[in-house]
Amino acid sequence: MHVCCAPCSTYSLKAFLEKGFQPTGFFFNPNIHPYKEFEKRAEAVEQYYNRLKVPLLMETDYLLEKFLNSVPFNRPERCLACCRWRLQYTAEVARQN
């Protein structure tokens, strides 16, 4: 399950667990700035998933520069490109694991 931050994953994670699924979270959010915010979000995700004893994979490389170089400047297109990249990357990590 793609995780951009702890608060965004709370509802869907709870719903999956209540339905008997055993999800594995994958933290990947290359468009967080500044780096300190990226660290805070990664730490919060890790604490939340550990507390619930849910497996978690994390992309801890700070990929903001790659993100900025790979998405269009136009806002609607940028949002679509960002979502596409995050979900495709998540699917690839899921396939490998």
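How far apart in helix α2 are K36 and E39? I find them 3 residues apart, so about one helical turn separates them.

I note that this is a predicted model, in which local features need pLDDT of at least 70 and side-chain atom pairs count only at pLDDT 80 or more, while totals for chains, interfaces and linings use all residues. Residues are numbered from 1 along each chain as its sequence is written, and side-chain values use heavy atoms, with hydrogens and water left out.

Salt bridges. I looked for a side-chain nitrogen of Lys or Arg within 4 Å of a carboxyl oxygen of Asp or Glu, and the count came to 4 salt bridges. One of them joins K36 and E39 at 3.7 Å, N to O; K36 is exposed at 57% relative accessible area, whereas E39 is partly exposed at 33% (buried is under 20%, exposed over 50%, partly exposed in between, with a 1.4 Å probe and protein chains only). Another pairs R95 with E92, the closest N and O atoms being 2.6 Å apart, and both residues lie in helix α4 (residues 75–96); helices are DSSP runs of H or I, at least four residues, numbered from the N terminus.

Cysteines. I counted 0 disulfides, taking a disulfide as a pair of cysteine sulfur atoms within 2.5 Å. The sulfur of C4 is 3.8 Å from its closest cysteine sulfur, in C8, which is too far for a bond. C5 is in no disulfide either, the nearest cysteine sulfur, that of C8, being 3.4 Å away. C4 is buried at 17% relative accessibility, and C5 is buried at 10%.

Conventions: Helix = DSSP H or I, 4+ residues; strand = E, 2+ residues; numbered from the N terminus.
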